[in-house]
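Thanks for asking me to look this over. Here are some notes to read with the structure open beside you.

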Amino acid sequence: MKAARIHAHGGPEVFRLEEAPDPICPPDGVLIEVKAASVNHLDVFVRRGMPGIKVPFPKIVGADAAGVVKLVGPLVKRIQPGQRVTVNPGIQCCQCEFCTSGRGSMCLTYALLGEHTDGAYAQLVAVPERNVHVLPDAMPFEEAAAYPLVFLTAWSMLVTKARVKAGDDVLILAAGAGVGTACVQIAKMCGARVYATASTDEKLEKCRKLGADVLINYKEKPFDAEIRRLTEKRGVDVVIDYVGKDTWQQSLRSLRRGGRLVTCGATTGFDPAEDLRHIFYRQVEIRGSTMGSMAEFAEVTRCVFRGQLKPVIDRVLPLSEAPEAHRLIEARAPFGKIILKP
């Protein structure tokens, strides 16, 4: 098969479009002919290299895939060859204390497609049957590949961790990113008033069309000062921050007393300065979040399949342009997701 592989960590130029061995279909899994794969910040981190995480080379990255089932293992009962499917990127054991209590993303052997296994930047990918969901006939492969990682992440943060409800004020940082576009829609669906930050007025206008109520260009004004002004110094109920070091202190200052901050990433650094007084004196709650459970994936998938939530696609590129896709992501150029077509 053709695959975009990396043989060492580095910049986008380390990708090679080359022949690679076909993945083996596991007994309890399926082999999928990939029709679309989406690009995530996770793919960028794996390509660059992350402290403490050893990546075997050559490596195929890519967490999100949609396509047609080519083969099924002998233990597979539910999925059949020829079906159009999408994939939950989080692979769990379904046996440990976390999996059996419905907290699968805390699984002791939790793995992500494209990070701990070979991923979706290829013509074929193999995954466990339990991670495969059959698509509605009318759903394009591009949309089916664009939603899994970001919408699952956003759903777990907002619905499960932050417990967003009608009337809450929710601040979403970098709302033009893939996770951000999902967060805006989910927070609005929950009945919240949505404050969105982005780096350009063009992105903010697109956020407004997704449902954002209050728009803040963080290049023009500090968003924490603007939040205090707009809320008459009260602050917001919830902050969603996956930016990290550059925004952490502003995020804490944006919260009301007793507010909730949820983080799922640190694109600008994982070691921010922190004034603990903003946490204990104002009694704020900080929750970490990684992906989500099988149940959460099923919940958000139902909303996407019904059209209540819609993945946002910035552009579609051939797999050969994986380096360009990564350059665009690192430059924060897209609004929504970039899709690769093998």
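1. A definition to start with: two strands count as paired if DSSP finds at least two bridges between them. Keep in mind, too, that this is a predicted model.

2. With that in hand, have a look at strand β12 (residues 193-198) and strand β13 (residues 214-217). They run parallel and are joined by four bridges, and A198 stands opposite N217 in β13. Between the two strands the chain passes through helix α6 (residues 201-210), and this β-α-β crossover is right-handed.

3. β12 has another partner as well: four bridges join it to strand β11 (residues 169-172), again in parallel. Here I172 is the residue opposite A196 in β12. Together with helix α5 (residues 178-189), β11 and β12 make a right-handed β-α-β unit.

4. How many of the six residues of β12 are buried? Five are, and the strand is mostly covered.

5. V316 stands opposite I339 in β18.

6. Lastly, a look at the surface. L276, F280 and Y281 form a nonpolar patch there, with about 380 Å² of accessible area together. One of them, F280, lies in helix α9 (residues 277-280). Is F280 buried or exposed? F280 counts as exposed because its relative accessible area is 56%, and the cut-off for exposed is over 50%.

How values were computed:
Residues are numbered from 1 along each chain as its sequence is written. This is a predicted model: local features need pLDDT of at least 70, side-chain atom pairs count only at pLDDT 80 or more; totals for chains, interfaces and linings use all residues. Side-chain values use heavy atoms; hydrogens and water are left out. Patches are made of residues with over 30% relative accessible area and no salt bridge: like charges are joined within 9 Å, nonpolar side chains (Val, Leu, Ile, Met, Phe, Trp, Tyr) within 5 Å. Accessible areas come from the Shrake-Rupley method with a 1.4 Å probe; for residues, only the protein chains shown count as cover. A salt bridge is a side-chain nitrogen of Lys or Arg within 4 Å of a carboxyl oxygen of Asp or Glu. Buried means under 20% relative accessible area, exposed over 50%, partly exposed in between (1.4 Å probe, protein chains only). A crossover is right-handed if, with the strands pointing away from the viewer, the path from the first strand over the helix to the second runs clockwise.
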